[in-house]
Protein chains: 2
Amino acid sequence: MYNKPKHRMTQQRSVILEEVRRDTDQHLTADEIYERVRKQLPRISLGTVYRNLEVLVELDEIQKLELSGSISRFDGNPKGHYHIRCMRCGRVDNAPVAPMQKLEDELYGSTVYTIIGHRLEFTGLCPKCSKTQEAETTIV
Amino acid sequence: MYNKPKHRMTQQRSVILEEVRRDTDQHLTADEIYERVRKQLPRISLGTVYRNLEVLVELDEIQKLELSGSISRFDGNPKGHYHIRCMRCGRVDNAPVAPMQKLEDELYGSTVYTIIGHRLEFTGLCPKCSKTQEAETTIV
DNA sequence: GTCTCTGCAAAGCATTTGCAACTGC
DNA sequence: GCAGTTGCAAATGCTTTGCAGAGAC
């Protein structure tokens, strides 16, 4: 039968975890994490960052956000919560809304799927981009 | 000042639209659309498919689904509705739940973002994968 | 000592883009 | 006629992977 690999706490893994958790509001991309970790471990490779982020998600230490757009972001808070993403610059912040079990209840019984969870993402413009938007409204 | 390009209805564009709309429950990937369109227009290129899907989204004829996972899917129904995705095989179906304006209202006032919309996606296991799952539960 | 992890570089894969020829309108 | 569009191929950008040596336990 199959045996789960036993994960080790390497220096790389611990620094990566530390960086992702430094400010849970940040929602960094793998590349941003790489740049930050590099200040402490200059020889680390991007591949190692990706591999460790994957492991940390598996260990439920962090959360991977697969929002619209192609780049994954990582959240130092592994608990379920929602996000709001700026459609213009891609910035991601937490949405101050409590998790809603109701949503899944509403679907229950009307689908042939076994429901496991839901993902709710708000879209909008961050304050900075709202301003830019106004200035450009004259176009078209 | 800037002038919007005037789109033309080319043979390629019309066949692509036809295919995406053929069965609005399908949620095809760009590659799947390419394969289908190729039966009618064997010389079409994948790049053309991508470019046209982009234009059709812009014209609000179809909708681009950027769900979890890296592959975009296209929906022949441009109206807002929700989806349920199988976590195992990636299949996407419509979730029979009415659009909820409430969700945005709940966030209103408690964020500095200008809210534009929301995206709700359910995750679960499709009937086929539910079965496989059961059979494998003994592992670990 | 063993089995996981690392750095490096190359590969993978969805998507985008430059370009010259073509075609709706 | 001419701006928008096409096919082709190369490029892009994020992410994954193969490998041999290094390191955790």
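A salt bridge joins the side chains of A:Glu121 and B:Arg119, with an N to O distance of 3.6 Å, in what is a predicted model. It is one of two salt bridges that the rule finds across the interface of chain B and chain A, and A:Glu121 also stands opposite B:Arg119 of E6(B) in the strand pairing. In that pairing, strand E6 (residues 114-125) of chain A runs antiparallel to E6(B), the two being joined by eleven bridges.

The contact draws 43 residues from chain A and 43 residues from chain B, and the area buried between the chains is about 3,600 Å², with 65% given by carbon and sulfur atoms. On the side of chain B, B:Leu107, B:Tyr113 and B:Arg119 lose the most area to chain A, together 19% of what that side buries. Polar contacts between the two chains, counted with both residues at pLDDT 80 or more, amount to twelve residue pairs. Of the elements of chain B, E6(B) supplies the largest share of the side that touches chain A, twelve residues, and by class this side holds 23 nonpolar, eleven polar and nine charged residues.

Around DNA strand D there are 23 residues, of which A:Arg8, A:Tyr50, B:Arg8, B:Arg13 and B:Thr48 come nearest; of the atoms of DNA strand D within 4 Å of the protein, 64% belong to sugar and phosphate.

Note on methods. Residues are numbered from 1 along each chain as its sequence is written. Chains are lettered from A and ligands numbered from 1 in the order in which they are written. This is a predicted model: local features need pLDDT of at least 70, side-chain atom pairs count only at pLDDT 80 or more; totals for chains, interfaces and linings use all residues. Side-chain values use heavy atoms; hydrogens and water are left out. A residue is near a molecule or strand if one of its heavy atoms lies within 4 Å of it. Contact means heavy atoms within 4.5 Å. Buried area is the accessible area (1.4 Å probe) that two parts lose on being put together, summed over both. A salt bridge is a side-chain nitrogen of Lys or Arg within 4 Å of a carboxyl oxygen of Asp or Glu. A polar contact is a pair of N or O atoms within 3.5 Å; within protein, one must be able to donate a hydrogen and the other to accept it, and residues adjacent in sequence count only if both atoms are side-chain atoms. Helices (H or I, at least four residues) and strands (E, at least two) are DSSP runs, numbered from the N terminus. Ala, Val, Leu, Ile, Met, Phe, Trp, Tyr, Cys and Pro count as nonpolar, Asp, Glu, Lys and Arg as charged, and the others, Gly among them, as polar. Two strands pair if DSSP finds at least two bridges between them.
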